[in-house]
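Please look over the structure below before reading on. My notes follow as numbered points, starting with a detail of the backbone.

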Amino acid sequence: MPVWIDGGPRRSRRSRALRAALVATVPVLAIGGVLAGTGALPETMLVDAPGDVAPGAAGGHGRGMSQLGALTYAKQGWDAQRILAYYYPGTTLGTVHTGLPVTVRLSERNRVDVLAPAGALVGGKQVAPGQAVSIDGTTATIRQGCGGQVLGTVEAPDSTVGPLTADQGVPKDQVLRFCSDNAGYRGKLVARGGNVLNVVGIEDYVRSVVPVENSPGWADQGGVAALQAQAIAARSYVLVRGAERGETFDDTQASQVYGGVDKEDPRTDAVIVSTYGLVMAKDGRVFETEYGASRADDPASP
């Protein structure tokens, strides 16, 4: 069910304000050049690549956009807007408030124990650059680096450690990193009920989804428009399924595959910038843009 932008059953002041500001229709001519892969994005040659695959292998539920089909159409010269209009008929491009958070359960983690290379905030207290934070219940222990000397404890009622700034797009060397494997995640990390949640801005979230749901290498094979379509679809999907409502996703195919900062790629970063804030909308609502590797009418299917 699409998220209502105006009206709908939820009546809190915050939800009404978000719905009122969330979607605005975008004139086609205002963005046509960007979505065609021109402007900030490099020109690419159309090439034959019969071995192209979507991550996770071909298949899927067969609803919405085909990732492999989008790639095929991009190589035939279709821009992202045409690809999206084909797979989601009756929709239009719109813009959203990009500050909305996404809450993602990190399925392989059960403990917050992280290094703060650029410092952090926990329990209202500032953690110095290079110190580490582990959270047990509502108590945060501060150490001199991962495995280092304990410097003290802080009461953290929300069981959350976050960066010093809420800005999206901070440099990679400033994000929180797990002590166990150095994996980095933008935004805040929360220890809750034996789970670890990553609360991250929607643009930072999509920045990590696109390179694992597709291949960044498609940008080198005439597939920039397919990646742009994926970015818009991923942003729309998360808004409908969770971001505006505050619901929790996970980092697997059960929601959208999400890999944190270390999965980001300069080629898909450029795609995120070129589609900043864009979603698919219908009748004043963000449209639920399901997608999968392929479907029955996929032009890439045998």
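1. N182 is partly exposed, with a relative accessible area of 45%. Here buried means under 20% relative accessible area, exposed means over 50%, and partly exposed is in between (1.4 Å probe, protein chains only). N182 is not a glycine, yet its phi is positive, at about 65 degrees. Most residues other than glycine have a negative phi. N182 is found in the loop between strand 12 (176–178) and strand 13 (184–185). Strands (E, at least two residues) and helices (H or I, at least four) are DSSP runs, numbered from the N terminus.

2. A word on the source. This is a predicted model: local features need pLDDT of at least 70, side-chain atom pairs count only at pLDDT 80 or more, and totals for chains, interfaces and linings use all residues. Residues are numbered from 1 along each chain as its sequence is written, and side-chain values use heavy atoms, with hydrogens and water left out.

3. S159 also has a positive phi without being a glycine; the value is near 55 degrees. S159 lies in the loop between strand 10 (150–155) and strand 11 (160–162). Is S159 buried or exposed? S159 is buried, at 7% relative accessible area.

4. Now the disulfide. The rule asks for a pair of cysteine sulfur atoms within 2.5 Å, and the count comes to one. C146 is joined to C179, with an S to S distance of 2.0 Å. The pair links distant parts of the chain, 33 residues apart: C146 is in the loop between strand 9 and strand 10, and C179 in the loop between strand 12 and strand 13. The S-S torsion is about -75 degrees, so the disulfide is left-handed. C146 counts as partly exposed at 38% relative accessibility. C179 counts as partly exposed at 23%.

5. T141 sits in strand 9 (residues 139–143). T141 is partly exposed, with a relative accessible area of 21%. Leaving out residues up to four places away in sequence, T141 touches A132, V133, S134, V150, G152 and T153. Contact means heavy atoms within 4.5 Å.

6. Which residues of helix 4 (residues 80–87) are buried? They are A80, Q81, I83, L84 and Y87. These residues cover an arc of only 160 degrees around the axis, which puts them on the same side of helix 4. The arc is that of the directions from the helix axis to the C-beta atoms. D79 caps the N-terminal end of helix 4, with a side-chain oxygen 3.3 Å from the backbone nitrogen of Q81.

7. The structure holds twelve aromatic pairs. Rings of Phe, Tyr and Trp (its six-membered ring) pair if their centres lie within 6.5 Å; planes under 30 degrees apart count as stacked, over 60 as edge-to-face and the rest as tilted. The rings of Y73 and Y87 have centres 6.3 Å apart and planes at 55 degrees, so this pair is tilted. Y73 lies in helix 3 (residues 67–75) and Y87 in helix 4, so the pair ties together parts 14 residues apart in sequence. Y73 counts as buried at 10% relative accessibility. Y87 is buried too, at 4%. Elsewhere, ring pairs link F178, Y185, Y205, Y237, F249, Y258 and Y291 into a cluster.

8. Last, the whole chain. There are seven helices and 19 strands. Of the 302 residues, 52% count as buried.

Conventions: A polar contact is a pair of N or O atoms within 3.5 Å; within protein, one must be able to donate a hydrogen and the other to accept it, and residues adjacent in sequence count only if both atoms are side-chain atoms.
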